[in-house]
Amino acid sequence: MFVFAPKDVKIWLNTPLGCGLLIGVESFSQDNSQWTVALQKDGQIRHFSTLQVNLAINHTDEINLKDVYPTKP
């Protein structure tokens, strides 16, 4: 089942091809999902497995903000 990312939240992911914006996720099993991402550099839509992506920045949960706000712990 394909689940689209929320319209009001931008979820940025690091991928092997650079940073991109999450469009949605399709879950095939508990350990294997396909992430659909629009790449920031050229807008290409690409698919990645769960092991190929990680969260770039999340302001709500303060994940990976040290590069954005170096004074945060």
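In which strand is Thr36 found? Thr36 lies in strand E4. Strands (E, at least two residues) are DSSP runs, numbered from the N terminus.

The model is predicted: local features need pLDDT of at least 70, side-chain atom pairs count only at pLDDT 80 or more, and totals for chains, interfaces and linings use all residues. Residues are numbered from 1 along each chain as its sequence is written, and side-chain values use heavy atoms, with hydrogens and water left out.

Strand pairing is described next. Two strands pair if DSSP finds at least two bridges between them. Strand E1 covers residues 2-4 and strand E3 covers residues 18-27. E1 and E3 pair in the antiparallel sense, over three bridges. Phe2 has Glu26 of E3 as its bridge partner. Strand E2 (residues 12-15) also runs antiparallel to E3, with four bridges joining the two. Here Asn14 is bridged to Cys19 in E3. E2 and E3 form a hairpin, and two residues lie between them.

E3 also pairs with E4, which spans residues 33-39. This pairing is antiparallel and has seven bridges. Within it, Gly24 stands opposite Thr36, and Ser27 has Ser33 of E4 as its bridge partner. A hairpin of five residues joins E3 to E4.

E4 is in turn joined to strand E5 (residues 45-49). Five bridges link the two strands, which run antiparallel. Ala38 stands opposite Ile45 in E5. E4 and E5 form a hairpin with five residues between them. In that turn, Gly43 has a positive phi of about 75°.

Residues count as buried under 20% relative accessible area, exposed over 50%, and partly exposed in between (1.4 Å probe, protein chains only). Five of the seven residues of E4 are buried, so the strand is largely enclosed by the rest of the structure. Thr36 is buried, with a relative accessible area of 6%. Its side chain makes a polar contact with the side chain of His47, at 3.1 Å. A polar contact is a pair of N or O atoms within 3.5 Å; within protein, one must be able to donate a hydrogen and the other to accept it, and residues adjacent in sequence count only if both atoms are side-chain atoms. Contact in general means heavy atoms within 4.5 Å. Leaving aside neighbours within four places in sequence, Thr36 is in contact with Phe2, Leu21, Leu22, Ile23, Gly24, Ile45, Arg46 and His47.

The largest nonpolar core has eight residues: Ala5, Leu13, Leu22, Val25, Val37, Leu39, Phe48 and Val53. E3 and E4 are the elements that give two or more residues to this core. Such a core is a set of buried Ala, Val, Leu, Ile, Met, Phe, Trp, Tyr and Cys residues joined through side-chain atoms within 4.5 Å. With neighbours within four places in sequence left aside, Val25 is in contact with Met1, Phe2, Val3, Ser33, Gln34 and Trp35.

The structure holds one aromatic pair. Phe2 and Phe4 form this edge-to-face pair, at 4.8 Å centre to centre and with 80° between the planes. Rings of Phe, Tyr and Trp (its six-membered ring) pair if their centres lie within 6.5 Å; planes under 30 degrees apart count as stacked, over 60 as edge-to-face and the rest as tilted. Phe2 is partly exposed, with a relative accessible area of 31%. Phe4 is exposed, at 60%.
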